[in-house]
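Dear colleague,

Please find the structure below, handed over for your records. My notes on what was found in it follow directly after.

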Amino acid sequence: MKTMRCLSSLCLVLTFTLNGHVIARLGKTEDEVSALFGKPIDPGTPDSNGVTTNMYRNPTGVYLAVVQFLNGHSIAETYARVDNHKFSEKELSIFLQGNSGGKEWKKDPRKVAWERSDHHAKAWCETLAGKPTLLIQLK
């Protein structure tokens, strides 16, 4: 339950663009993510589990995104559009491909959710605080 609350709050805070397909990518270090997006606009501090949640904002401000780090590496990401619109299939494809780790994403036919073929990551869409949100996390 605490993880879901963290993920829910994550999706409300980070902004960046798909231009150039810049995606935080699971497993990246905080320094690598900062090199892509700049300094976090709301840097977090480690919680009781050692997870740090950072918010970034890109110059175009098309997307909100939040990245969670454990031991300095990205373990979860959430993305939402600032305009509250749903993601297009192309946008979802770009975010998933960016987090594929060279593996294939398998779509769940019953819902808007995917599991990576190596079974080490999952992704799903849901509406959080009125924003259609894509959540991606390591398992």
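Leucine 134 belongs to strand S7, which covers residues 131-138; strands here are DSSP runs of E with at least two residues, helices are runs of H or I with at least four, and both are numbered from the N terminus. The model is a predicted one, in which local features need pLDDT of at least 70 and side-chain atom pairs count only at pLDDT 80 or more, while totals for chains, interfaces and linings use all residues. Residues are numbered from 1 along each chain as its sequence is written, and side-chain values use heavy atoms, with hydrogens and water left out.

Leucine 134 counts as buried because its relative accessibility is 0%; buried means under 20% relative accessible area, exposed over 50% and partly exposed in between, with a 1.4 Å probe and protein chains only. Leaving aside neighbours within four places in sequence, the contacts of leucine 134 (heavy atoms within 4.5 Å) include Phe87, Leu92, Phe95, Trp114 and Ala123. The C-alpha atom of leucine 134 is separated by 6.5 Å from that of alanine 80, a residue 54 positions apart along the chain.

Threonine 133 is also found in S7. With a relative accessible area of 1%, threonine 133 is buried. Its side chain reaches the backbone oxygen of lysine 131 at 2.8 Å, a polar contact, that is, a pair of N or O atoms within 3.5 Å; within protein, one must be able to donate a hydrogen and the other to accept it, and residues adjacent in sequence count only if both atoms are side-chain atoms.

**The second largest pocket**

Which residues line the second largest pocket? The lining is formed by Lys86, Phe87, Glu89, Leu92, Val112, Cys125, Glu126, Thr127, Pro132 and Thr133. Two or more of the lining residues come from each of helix H3 (89-98), strand S6 (121-128) and S7. S6 gives the most, with three residues. The volume of this pocket is about 160 Å³.

The terms behind these values are as follows. On a 1 Å grid over the protein atoms alone, a pocket is an open set of points with protein on both sides within 12 Å along at least five of seven lines, whereas a cavity is a set of points where a 1.4 Å probe fits but cannot get out; lining residues have an atom within 4 Å of a point. Grid points are joined across faces, edges and corners, and a volume is the space filled by probe spheres set on the points.

By type, the lining divides into five nonpolar, two polar and three charged residues. Ala, Val, Leu, Ile, Met, Phe, Trp, Tyr, Cys and Pro count as nonpolar, Asp, Glu, Lys and Arg as charged, and the others, Gly among them, as polar.

Lysine 86 is located in the loop between S3 and H3. Is lysine 86 buried or exposed? Lysine 86 counts as exposed because its relative accessibility is 69%. Leaving aside neighbours within four places in sequence, lysine 86 is in contact with Arg81, Glu91 and Pro132. A distance of 9.1 Å separates the C-alpha atoms of lysine 86 and threonine 127, which are 41 residues apart along the chain.

**Helix H3 and the strand pairings**

The buried residues of H3 are Glu91, Leu92, Ile94, Phe95, Leu96 and Gly98. Their cover includes strand S2 (63-70), strand S3 (73-81), strand S4 (105-107), strand S5 (113-116), S6 and S7.

S6 and S7 pair in the antiparallel sense over eight bridges; two strands pair if DSSP finds at least two bridges between them. Proline 132 in S7 is the bridge partner of threonine 127. The hairpin of S6 and S7 has two residues between the strands, and alanine 129 takes a positive phi near 50° there.

S5 and S6 are likewise antiparallel, over three bridges, and tryptophan 114 stands opposite alanine 123 in S6. Four residues lie between the strands in this hairpin, where histidine 119 has a positive phi near 65°.

**Strand S1 and the chain as a whole**

S1 (residues 51-56) contains threonine 52, and five of the six residues of S1 are buried. Six bridges join S1 to S2 in an antiparallel arrangement, with valine 51 opposite leucine 70 in S2.

The protein chain has three helices and seven strands, in the order α-α-β-β-β-α-β-β-β-β from the N terminus. Of its 139 residues, 43% are buried.

With kind regards
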